[in-house]
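Reader: I am new to this structure. Please show it, and then let us take some questions in turn.

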Amino acid sequence: MVIVWGDTSGPGAEPTVPVRLADGTESAGRVEVFLDGQWGTVCDDYWGLEETTTTCRQLGFSGAISHETVGERIPADESVPIAIDDVRCTGSETSLLDCDYITTHNCQHGEDVGVICFTDGELPDRPEEGNLRLQGGEGSSDGRLEVYLGSQWGTVCDDGFTEGFGELACKQLGFEGIIRLMSVSVQADASTPILMDDIACTGTETRLVDCTYTDSPDCSHAEDVAVECMPLLP
């Protein structure tokens, strides 16, 4: 059963607000839009802060904290079609469907967008500096490695990045370890910064940001680190 927020219409009825959050909490969930008589998900290609903020404000929230692709916190739903892709908002729109988008896509449900919103009076639950996440993968244990630094999410350049550093990242994320380093299947949007480069670890660190690194990379997003992690053994 899909749990939704933002859609109070009955089954088959045209919703008052054609966007909703599914399978999360009241202020966080998988983004779904009502298009051509049915609900569908949104692919994360080109998705960023403007699109997240437009979605949250359309749903009545004060603003956006962050966005992420589906995973452990916000699950995917293979039974729902992917409705739109390549969404681009300017920030002036009042509805997500007022933004530019296409209805054809080359996405899988592992690329569905989820958002986290907040209202006035709430203290936004922002990530801790140095937190990691995986984006744009086929499941919750693989994808593009992103780090939260300077109050923003960004990617990690692969210059000098070894499987041992990937092992550290996977363990920080709560996995058993690393299976392999991967090529990036879904590149980050050009607006996403590259926050770490030339990483060097000694083997004693418990978090990737404890290693030495530079924050002035000479990389492109084609060089973003991606990993496949090993789930915890039962």
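Reader: In which strand does Ile-65 lie?
Author: Strands (E, at least two residues) and helices (H or I, at least four) are DSSP runs, numbered from the N terminus. Ile-65 belongs to the run of residues 63-69, which is strand 5.

Author: A note on the source: this is a predicted model, where local features need pLDDT of at least 70, side-chain atom pairs count only at pLDDT 80 or more, and totals for chains, interfaces and linings use all residues. Residues are numbered from 1 along each chain as its sequence is written, and side-chain values use heavy atoms, leaving out hydrogens and water.

Reader: Is Ile-65 buried or exposed?
Author: Buried means under 20% relative accessible area, exposed over 50%, and partly exposed in between (1.4 Å probe, protein chains only). Ile-65 has 14% relative accessibility, so it counts as buried.

Reader: How many residues of helix 1 are buried?
Author: Helix 1 spans residues 49-58 and is mostly covered. Among its buried residues are Glu-51 and Cys-56.

Reader: Which strands do the buried residues of helix 1 pack against?
Author: Contact means heavy atoms within 4.5 Å. The buried residues of helix 1 pack against strand 2, strand 3, strand 5, strand 6 (82-88) and strand 8 (113-118).

Reader: Which residue in strand 3 stands opposite Arg-20?
Author: Two strands pair if DSSP finds at least two bridges between them. Strand 2 and strand 3 (residues 28-35) pair in the antiparallel sense over 5 bridges. They form a hairpin with 2 residues between them. Opposite Arg-20 stands Glu-32.
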